[in-house]
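Dear colleague,

I am passing on the structure below, and I would be grateful if you could look through it alongside the notes that come after it.

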Amino acid sequence: MKDQENNSAWITEKLDSYIVGIGAAISGYCDLSGIPDLPFPGLKTGISLGINLNPEIVLSLKKGPGEDYVREYGKVNTRLSELAEKVSGFLIENGYNANYIAPTKKVIDPEKISAEFPHKTAATSAGLGWIGKNALLVTKKYGSAVRIITVFTDAPLISGEPVIKSYCGSCSLCGDICPAGAVSGINWSRGMPGEKLLNIRGCFEYNRKRDNDPDGFGICGVCIAVCPWTDKYLKREGLL
Ligand code: SF4
Ligand code: SF4
């Protein structure tokens, strides 16, 4: 038992340092064994990794969606895949199994209207943040201006403290501004399905019809920029 604990502490500490060195903005670990249909059976430890969006591009979203955001979205997805690849490789070198699924190009799949794996569930379970009324991960450091990926492993990492409630309080800014009227306005609690927070199809259909997004990239992003938790990030960056 002592050996197991020592091993968990050893690999957790070693991975912590490695992740800091490769430039993830936020990271945490969680036990995914309660989640059905995991993409890699046997890999039941989740590593949630996040990268913040460029603050100037987030600021520009306050005026509405644009091409810069679409480009940034793609760029951050590429960086997330690179991070996940490195973290998987690091764990494999250290004798564990690890794998990941690349972030989706579209936030919302037109067929399934849902993501392949609930990365937000891993992030909240790892203690990185809560699900806002905009149905996005909200972190105290970057607000909603962050994108995440999950690495799956059998390494015995020490899990973070899950976030189980919303810190949105009585704020309703994302719902007030949503051009699709898709935000229902209720506070998230752990286990709540995303559909209760957001009319996902309404958000998708709105975005699909936007002039600059004929392919339905999936998110206009104004609910990211309006969030007061995102504003804290922009203030720290000297942009507000
Ligand atoms: S991405 Fe745009 S349409 Fe979708 S919920 Fe946010 S503000 Fe509304
Ligand atoms: S804008 Fe307000 S309600 Fe919406 S996610 Fe941010 S804090 Fe929550």
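The model is a predicted one, in which local features need pLDDT of at least 70 and side-chain atom pairs count only at pLDDT 80 or more, whereas totals for chains, interfaces and linings use all residues. Residues are numbered from 1 along each chain as its sequence is written, chains are lettered from A and ligands numbered from 1 in the order in which they are written, and side-chain values use heavy atoms, with hydrogens and water left out.

Side chains of opposite charge can pair when their charged atoms come close. The structure holds 3 salt bridges, a salt bridge being a side-chain nitrogen of Lys or Arg within 4 Å of a carboxyl oxygen of Asp or Glu.

One of them joins K62 to D231, with the closest N and O atoms 2.7 Å apart. This pair links distant parts of the chain, since K62 sits in the loop between α2 (55–60) and α3 (67–93) while D231 belongs to helix α9 (residues 228–236), 169 residues apart; helices here are DSSP runs of H or I with at least four residues, numbered from the N terminus. K62 counts as partly exposed because its relative accessibility is 36%, and D231 counts as buried because its value is 17%, where buried means under 20% relative accessible area, exposed over 50%, and partly exposed in between (1.4 Å probe, protein chains only).

The salt bridge between R71 and D68 also has its closest N and O atoms 2.7 Å apart, and both residues lie in helix α3, 3 residues apart, about one turn of the helix. R71 is exposed at 52% relative accessibility, whereas D68 is partly exposed at 41%. R201 and E205 meet in a salt bridge at 3.7 Å, N to O; they are separated by about one helical turn because they stand 4 residues apart in helix α7 (residues 200–209). R201, at 45% relative accessibility, is partly exposed.

Around ligand 2 are G132, K133, N134, V138, C168, C171, C174, C227, P228 and W229, a residue being near a molecule if one of its heavy atoms lies within 4 Å of it. This shell divides into 7 nonpolar, 2 polar and 1 charged, with Ala, Val, Leu, Ile, Met, Phe, Trp, Tyr, Cys and Pro counted as nonpolar, Asp, Glu, Lys and Arg as charged, and the others, Gly among them, as polar.

Finally, K196 lies in helix α6 (residues 194–197).

With kind regards

Notes:
Helix = DSSP H or I, 4+ residues; strand = E, 2+ residues; numbered from the N terminus.
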